[in-house]
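I opened the model to look up some helix packing and charged pairs. My notes are below.

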Amino acid sequence: MTNPVSESIIEDVRSRTDIVPLISEDVVLKKAGRNYVGLCPFHSEKTPSFTVSPDKQIFYCFGCGTGGDIFTYLMKRRGVAFMEALKVLAQRSGVALPEDIQSDEEKSRYRQREMVYEINQLALKYFTAMLKDAQHGGAAAAYLERRGITRETRDLFSLGAASPQWDGLLQYFRRKGIGEEDLATAGLVIPRQDGSGYYDRFRNRVIFPILDMAGRVTGFGGRVLDDSLPKYLNSPETPAFDKSKNIYGIHLTRQDMRENDQVILVEGYMDVISVYQAGVHHVGATLGTALAESHGKILSQFGSDIVVCYDGDAAGQAAALRGASLLEKAGCSVRIARLPDGEDPDSLIRSRGRDSFLQFVQRALSVTAYQLQDILEKGRKDTADGQADILRKAIPVLGTVRSVSERDVYIRNLARTLGVREDSLRTDVQRYVRRGSAGGTVTGVRPGERKIPAQKQLLPAHEKAEQALLRLIPEDPEIWMTVKGALQPDLFSTDAMRRIARACYDLDAGGSRVTVSRLLDFIQENDPEMYAEAARLYIDEEDVHQLKNAVKDYIQVIQDFQQKEELQRLADEIKEKEEKGEQVQELLSRYQKLLRRGKGGQS
């Protein structure tokens, strides 16, 4: 990969860029085992065959054979060269590139974003110091104590305080020589209407820093400590902060989301903090109740089950339904938890405990089940007019269910509840669908739902062993040393496996550690015809850690196969020479030595 940028910078960009959020900007990805799947952006398909591995940071499409890493994806998706893809990803991840490969506009945007990150980091130090200052942060500390937030949790979430002063933060930055206009760009100060200067945006509030997945402070939220309005205040849009692309707490909770394959989505900062403190770590919050499609792209990469758990009052449940419906349209699998009226996750955890909260999460309903239950609870089931009104409202909801079998379940349950004939209700729903009001064809499979993949091709034992070893080599340097000491590339049986193995040896000989990303880069540059095959091999979602104990067995299987092949070759050559009346003593000696070696004897 010839370019004017050092390998260390490329690795820095790679390490700071998560492939799942990157691809999720274009493709709706659904969790499937250890990987994510979606419809391929490089060819037309109806069944998802495009696979992304968060562990190995690569992608592969089993339909068209396209595969690679973050750089390959951007190059193919945007039709750009490597350097352009590198610039985009460096800017996205906050990695500085040499000045001679950036345009003036790119330099300006980068400098502004970096400036905001630096200012936010300094502001974080100020706010956390204020919380520990009895004079300026005493009220905020007392508020957190009343809410049951421990000091350990405060430190974990880097909670802070803004003093009641109009210019406390402003004065702090003046002492550091940072100008007011730069603070305004960061959203920390507001210009006075009379043009006489600026004043602090956050005053007399508990401060909640908002961090991105890389742990950078993108902005702040603040909760008021008196009766001032608004009760909650967030940073405005800045070069580093976009409310629609942030999930509060995700820098701490994303790994737990993946491990649980579930995201509990709550409304506010305190909900996240209380739930997390109670030991439920797969939780996050949007910055306000207004969900956007971009939130769905972020959340779907961390869990296949998104549970919207908003306040139990009417406003909270209405917001939950709006948000869940939007997330569902974005391709997410969503359920809604119904908390008791007057409760929110924070208050429920504090009054009833963690287990009670998790029970509500476990009993969460699908969007359709939630809507039907809401219609039934608000309707009059004891009168004919009431039942007719329930049916008028329920039929459009049933018509939006694309899975035929799932819709049948809802129809059967509703018919039983209302005491109406099931076949009549089914006819009404089908008539509604035929009119086109349901917005789409009933297919029996939800959009984005993954069908069962075809059974993997059965391979001979030696080929399975070869593939297993090649997948293990980048996982552990000790395994690589074991393989390298026992096998040479020519011992691999197929052309593809030999070429991938040769790339491992060549990369190692050049002084580079063999990792999946480096290996794919090396193959792309030196053996591009083999790139898609290598990407397909390493996208395999089999847990390679389960294979580690079998390394020596795999090596033995390959050596045994090669010995068997060599014995057969010698036997054929001996037979051919005997038929011609030629001497075969040397060949027989080699055959016997090889045979004894295979039986554990000495050669």
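The entries cover a helix pair, then salt bridges.

I worked from a predicted model, in which local features need pLDDT of at least 70, side-chain atom pairs count only at pLDDT 80 or more, and totals for chains, interfaces and linings use all residues. Residues are numbered from 1 along each chain as its sequence is written, and side-chain values use heavy atoms, without hydrogens and water.

Helix pair. I looked up helix 22 (residues 495-509) and helix 23 (residues 516-526), whose axes come within 10 Å and cross at roughly 105 degrees. Helices here are DSSP runs (H or I, at least four residues), numbered from the N terminus. Axes are lines fitted to C-alpha atoms over the stretch in contact, with angles from 0 to 180 degrees between N-to-C directions. The two helices are therefore roughly perpendicular (65 to 115 degrees). In contact (heavy atoms within 4.5 Å) are Ile 500, Ala 503, Cys 504, Asp 506 and Leu 507 of helix 22 with Arg 518, Leu 519, Phe 522 and Ile 523 of helix 23.

Salt bridges. I searched the whole structure and found 31, counting a side-chain nitrogen of Lys or Arg within 4 Å of a carboxyl oxygen of Asp or Glu. Asp 508 and Lys 484 form one, at 2.9 Å from N to O. Asp 508 lies in helix 22 and Lys 484 in helix 21, 24 residues apart. I also noted a network of salt bridges linking Glu 11, Arg 14, Asp 69, Arg 518 and Asp 521.

Technical notes. Angles under 35 degrees count as roughly parallel, over 145 as roughly antiparallel, 65 to 115 as roughly perpendicular and the rest as oblique.
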